[in-house]
Amino acid sequence: MAQKKQDLKPDTVLKNYWRNNDRFADFFNAVLFEGKQVIRPEELEDEDTEESSVLEHGDFAKSIQASRDNIKIRKKSTAYGIELVMFGMESQEHIHYAMPMRVMGYDYGAYKKQYDSNAGKCKSLKGLDEDEYLSGMRKTDKFTPVITAVVYYGEKPWDGAVTLHGMLNIPEEVKQYVNDYRMMLIEARQNNLMLCHADNVDFFNLLEIILDRSIPGKEAKERAIQYSEEHRTGKTVIMTVAGATNSKIDYNAFEKGDGRMCTLFDEIARESETKGMEKGMEKGMEKGMEKGMERGKAEGKAEGIIETGIDFGLSDKDILDRLQEKLNISMQTAQEYLLRFRKQSV
């Protein structure tokens with residue numbers, strides 16, 4: 001049977017994974033309360049992820065487009081009524097050096113949406129004094145608080161700012177007067193979360209294995225497979241890990257009831273291609289010719305792609321497609337590379 005591999009978009013699979021209330025509650029309990037079961041899954045409801053708003057100042061107005069990855073509202077019954085808190089989650093594949101400002105914008109959008117709704121209701125109320133009418137809210141009106149966590153799924157350590165101050169060039173003498181805004185950052189590659197839900201435990205443990213760049217690609221794949229076998233990791237978790245790390249899923253494994261395989265093909269291919277490229281550049285430098293060096297570079301990269309494809313049992317068509325995509329070459333050139341380097345790999 002031909003191998004079937006599927007590319008999974010990180011945004012989509014992560015949104016779907018965290019849509020589950022049990023996983024979502026477990027995550028925030030780990031982040032905020034060291035694993036204590038403070039937030040209950042049955043207390044959570046999905047909120048509209050659209051946080052777009054209109055920024056107004058005098059005669060100036062500008063629309064701000066913003067859409068959250070996941071946001072839920074917690075409705076907890078107390079002796080005094082219903083207690084409300086909103087929890088938002090943002091997933092980051094790459095480091096974003098303006099992330100504190102983005103989080104501030106998401107939170108502002110959530111508050112602005114509440115304010116606009118409140119102001120609309122106030123227009124029909126009677127008995128407001130002048131200040132309340134102009135404010136669009138009564139003195140006693142209160143909004144629901146918003147807590148946002150950013151989960152970073154990249155392989156490099158986060159080296160960006162985690163506060164608004166970290167993005168600003170502030171003279172020391174005025175620093176204490178400049179309002180700050182801190183974001184809550186969780187790095188999937190390395191964290192100390194006290195998780196209880198089995199899916200979340202497997203999810204973050206597998207990510208830690210895969211994103212550890214001190215481990216060679218093939219060894220990481222073997223460790224991930226061994227872990228998933230020992231812990232009987234579910235298909236949903238494996239698909240989410242694959243999506244979050246831009247890996248490809250081997251669906252043949254799932255069809256055989258072997259729900260464990262995350263091929264990590266792209267990660268290992270990058271490693272092999274880099275080594276092949278360096279090898280090719282050395283060949284070109286030995287010739288002392290710029291054209292030879294470029295040709296050697298391309299050949300080395302092709303060799304890395306082909307070696308990796310053969311290791312994973314990819315069909316000739318899959319390898320040829322990857323050669324054309326990665327190297328931007330013709331089918332004829334790809335076939336020549338495959339013919340030449342397959343013999344060396346076998």
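1. Burial along α3. In this predicted model, the buried residues of α3 are M99, P100, V103, Y106, D107, G109, A110, K112, Q114, N118, A119 and C122. The list takes in D107 and K112, which count as charged. A buried residue here has under 20% relative accessible area. An α-helix has 3.6 residues a turn, so residues three or four places apart point the same way.

2. Length of α3. The helix runs over residues 99-122, a stretch of 24 residues. From first C-alpha to last, α3 reaches 34 Å. The expected value, at 1.5 Å a residue, is 34 Å, and the model comes close to that.

3. E93 sits between β6 (81-92) and α3. Is E93 buried, partly exposed or exposed? Its relative accessibility is 29%, so E93 counts as partly exposed. Apart from neighbours within four places in sequence, E93 touches P10, Y152, Y153, G154 and N246. Take Y153 from that list: 60 residues separate E93 and Y153 along the chain, yet their C-alpha atoms are 5.1 Å apart. Another of the contacts, P10, belongs to α1 and turns up again in the next point.

4. α1 against α7. Helix α1 covers residues 10-18, and its axis comes within 8 Å of the axis of α7. The two cross at roughly 145°. The crossing is left-handed. Which residues of α1 and α7 meet? From α1 they are P10, V13, L14 and Y17. From α7 they are T236, V237, M239, T240, G243 and A244. By class, this contact has seven nonpolar residues, three polar and no charged.

5. α2 against α5. These helices span residues 21-33 and 198-210, and their axes come within 9 Å. They cross at roughly 65°. The angle makes α2 roughly perpendicular to α5, because 65 to 115 degrees counts as such. The crossing is right-handed. α2 brings R23, D26 and F27 to the contact, and α5 brings D199, N200 and F204. Which classes do these residues fall into? Two are nonpolar, one is polar and three are charged. The α1 and α7 contact, by comparison, has no charged residues.

6. N191 lies between β8 (184-187) and α5. Leaving out residues up to four places away in sequence, N191 touches I186 and F204. F204 is also one of the α5 residues that meet α2. N191 and N205 are 14 residues apart in sequence. In space, the C-alpha to C-alpha distance between N191 and N205 is 9.6 Å.

7. Positive phi at R232. Most residues other than glycine have a negative phi. R232 has a positive one, near 50°. Where is R232 placed? The residue is in the loop between α6 (217-230) and α7 (235-244). R232 counts as exposed because its relative accessibility is 74%, and the cut-off for exposed is over 50%.

8. Positive phi at N328. N328 also has a positive phi without being glycine, with a value near 55°. Its place is the loop between α11 (316-327) and α12 (331-345). Is N328 buried or exposed? Relative accessibility is 72%, so N328 counts as exposed.

Note on methods: Residues numbered from 1 in each chain as written. Predicted model: local features only at pLDDT ≥ 70, side-chain atom pairs only at ≥ 80, totals over all residues. Heavy atoms only, no water. Helix = DSSP H or I, 4+ residues; strand = E, 2+ residues; numbered from the N terminus. Buried < 20%, exposed > 50% of the residue type's maximum accessible area, 1.4 Å probe, protein only. Axes fitted to C-alpha atoms, helices over the stretch in contact; angles between N-to-C directions. Parallel < 35°, antiparallel > 145°, perpendicular 65-115°, else oblique. Left-handed = near helix turned anticlockwise from the far one by under 90°. Contact = heavy atoms within 4.5 Å. Expected span 1.5 Å × (residues − 1).
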